[in-house]
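Please keep the sequence and the model side by side while reading these notes.

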Amino acid sequence: MTATPDAIEFRHWLATCLSGSTTPWPAQIAADTALDVIRREGVVALLAWRLAESPVLVPATVRDGLERAQQGQLAWSLLLTARCRQLLAALDATTIPVLLLKGSALAWWAYPAAHLRACSDIDLLFPSRAAAERARACFLALGCTERDGPTPGDLVTSGCTLLWAHGSAPAIEIDLHWQLSGMPLFAQRFDWAELEREAIALPPLAATARGLSPVHAYLHAALHRAGNLANRLPDSLKWLFDFELLGRRFTAADWQRVGALAIERGLAGSCLDAARASAACFGPRMPPALERRLDVTRGSEALDIRRIGNWWYVQRMNCASYPTVGLKLRWLQQRLWPERAYRTARYGREVGATGALWQRVRAACRRLRR
């Protein structure tokens with residue numbers, strides 16, 4: 001959906017307000033448009049929190065709508081928290097190691113209050129596919145149901161998704177990952193051992209809860225953003241504000257570590273692009289010297305983040321990320337001709353192997369024409 005000029009202008013006002021600046025309410029914006037943008041950007045509770053301590057005069061219709069939406073987000077956050085604690089307790093009882101990812105972790109240490117970071121799901125990272133499979137069985141026993149089971153093919157799947165229903169409320173989505181990224185070109189940039197070694201405790205959530213370290217969280221947010229861009233999902237203020245809050249907390253040593261790891265792991269372009277996108281909304285946080293260093297380094301990286309929205313380019317980069325011809329061919333075979341269980345689930349029993357292959361080739365051609 002193409003944003004209207006009013007919606008684009010209001011998004012700029014919204015970013016300015018979230019950054020802590022005091023700017024008068026844009027009088028020309030319609031209340032419905034304003035509330036739609038606020039919800040779409042995922043910053044309902046965050047904006048309400050900012051406005052509570054701001055002298056900005058907001059129209060009564062917008063303030064009332066924002067209050068209702070905030071109460072809904074708070075209720076959802078409480079439900080999400082309760083379910084997350086149950087999941088962590090079950091994993092602890094079965095000694096399955098786990099790290100919380102993305103908003104599921106950031107909400108508990110980077111934000112002033114957990115409900116200010118809108119989360120639609122719970123993201124969990126496990127050390128291996130075997131550990132994630134054990135967790136999946138554990139969660140199914142708790143009452144979860146399967147939405148997307150693990151896809152056959154070791155090179156084309158990095159997680160699965162469960163749903164946990166609760167009365168009349170929307171079901172909670174639980175994403176189980178055994179790689180830090182679903183894109184092969186990013187999947188092996190960090191291993192479990194280093195992430196687990198530097199993980200931080202999240203005691204407000206649970207005694208056993210742990211999340212990525214601040215530096216790893218920043219780099220993972222950059223990888224996640226690149227994946228969104230590859231899927232043609234636009235930046236939301238919710239995701240960009242993560243970079244803003246992390247950047248505020250970083251010391252000079254933290255920034256130095258971000259730069260060193262980004263360059264070492266071939267993520268200079270992805271990291272720099274994310275930092276600049278956040279800076280365009282909330283102001284710069286990355287030190288200028290580091291920004292210049294990443295800008296120089298990105299030119300020598302295999303991945304050009306500016307082309308990440310090109311589906312064919314991403315597939316070529318995914319294939320190139322495998323070190324041997326054998327792995328490249330196996331990845332290509334799994335992409336083009338997946339195993340029967342996946343073909344049946346995706347296309348139905350009436351579609352044979354040749355028909356499934358034809359549909360996948362046609363889908364690829366459609367993407368090439370975009």
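**Notes on the model**

1. Leu-100 touches Cys-84, Leu-88, Ala-105, Ile-122, Asp-123, Leu-124, Leu-202, Leu-205, Ala-209, Arg-210, Gly-211 and Leu-212, leaving aside residues up to four places away in sequence, where contact means heavy atoms within 4.5 Å. Leu-100 belongs to strand 1 (residues 99-100) and is buried, with a relative accessible area of 1%; buried means under 20% relative accessible area, with a 1.4 Å probe and protein chains only.

2. This is a predicted model, in which local features need pLDDT of at least 70 and side-chain atom pairs count only at pLDDT 80 or more, while totals for chains, interfaces and linings use all residues. Residues are numbered from 1 along each chain as its sequence is written, and side-chain values use heavy atoms, with hydrogens and water left out.

3. Helices (H or I, at least four residues) and strands (E, at least two) are DSSP runs, numbered from the N terminus. In helix 2 (residues 31-40), the residues Ala-34, Leu-35, Val-37 and Ile-38 are buried. Viewed down the axis of helix 2, its buried residues fall within an arc of 160 degrees, so they line one face of the helix; the arc is that of the directions from the helix axis to the C-beta atoms.

4. Those buried residues of helix 2 pack against helix 1 (5-18), helix 3 (44-52) and helix 4 (60-93), and just after helix 2, Gly-42 adopts a positive phi of about 75 degrees.

5. Returning to Leu-100, its C-alpha atom and that of Phe-126, 26 residues apart along the chain, are separated by 9.2 Å.

Key:
Buried means under 20% relative accessible area, exposed over 50%, partly exposed in between (1.4 Å probe, protein chains only).
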